[in-house]
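Student: Please show me how to read a few features of a protein model.
Tutor: Gladly. Look here, then ask away.

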Amino acid sequence: MKLCYSKILFWITGLGISILAFPWRYFIDHQVNLTIIGSGFSPLHPLGVDNLGRDLLLRMHLAFFSNIIPLWSCVILAFFSGIVYTSIHIGFSRSFAFSKLIQLISLAIPTVPIGILIFLTATIMESHRFSGTLICIFLFTFFRTISFFMKIYERDKKTLFWINHELLGGGKWDRFWRYGIYSAWQQESLHLLILQIQIGMSLDISMSYLGFGAPEPFASFGNLFADNLKQILSGSGHIFPVVFVGFLFCFFFPRAVFLLHRTRMPTKFLIYD
């Protein structure tokens with residue numbers, strides 16, 4: 001049953017991502033056309049147009065490549081950077097002042113709402129740029145990843161396998177990577193990565209909607225919601241459900257991949273002791 005659900009979710013979200021990733025820019029004009037504002041679905045504009053007469057499907061396509069893909073890449077890079085730093089920190093028996101500072105920040109950062117960090121970054125930069133949002137999401141993910149792996153390291157180093165491996169002369173890096181990342185922690189790690197991607201997407205669209213993201217003409221899902229607020233509040237527009245469904249495809253696709261992968265994971269990866 002889980003495998004069937006995972007496959008259905010994967011194929012639905014995968015189909016949506018494929019539609020968004022299709023090179024619509026080569027087939028649809030992206031110019032502003034005020035004469036067709038408010039028009040619904042048509043052969044030339046399959047999903048309708050936005051508040052400036054621009055094709056909505058093309059705007060979502062541009063938002064996927066200029067907003068979603070960089071955000072996914074940012075979270076993944078920060079996640080693996082956090083893993084590498086944690087392995088280096090654990091591998092050294094001596095604790096340096098710099099590593100202590102990083103550890104303190106990794107414990108403090110997750111307790112600070114990331115929305116506040118994005119707001120402070122936008123204030124310091126004195127401009128609303130997508131790069132500021134990415135910097136905050138990167139730092140938040142990096143330090144949260146360090147905090148997460150330090151906690152499960154402290155938890156699992158008390159297991160019988162870990163103790164016996166240490167008594168036999170095994171290294172900390174070997175246990176961290178072979179026992180942890182490649183085996184016992186794999187499911188937890190992927191779950192954290194997907195959660196961080198979804199948190200980053202939710203915060204990006206929220207801050208962009210509130211005006212702290214990149215302004216127009218930058219294409220993002222937050223801008224699509226904000227620019228068409230009048231139609232959304234009046235209930236007469238079709239833009240909100242169309243953009244919302246497109247955002248859901250991007251939001252749930254990483255989790256669909258994770259769920260499909262989890263159903264195919266060997267049982268030994270799910271055992272900790």
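Student: How many residues does helix 8 have, and how far does helix 8 reach from its first C-alpha to its last?
Tutor: First, the ground rules. This is a predicted model, where local features need pLDDT of at least 70, side-chain atom pairs count only at pLDDT 80 or more, and totals for chains, interfaces and linings use all residues. Residues are numbered from 1 along each chain as its sequence is written, and side-chain values use heavy atoms, with hydrogens and water left out. Helices (H or I, at least four residues) are DSSP runs, numbered from the N terminus. The expected span is 1.5 Å times one less than the number of residues. Helix 8 (residues 186–209) has 24 residues and reaches 35 Å, close to the expected 34 Å.

Student: What comes just after helix 8?
Tutor: Gly 211, with a positive phi of about 100 degrees.

Student: Which side chains meet in a salt bridge?
Tutor: A salt bridge is a side-chain nitrogen of Lys or Arg within 4 Å of a carboxyl oxygen of Asp or Glu. Here Glu 188 pairs with Arg 155 at 3.2 Å, N to O. Glu 188 sits in helix 8 and Arg 155 in helix 5 (residues 130–156), so the pair, 33 residues apart, links distant parts of the chain. The structure holds one salt bridge.

Definitions and conventions. Helix = DSSP H or I, 4+ residues; strand = E, 2+ residues; numbered from the N terminus.
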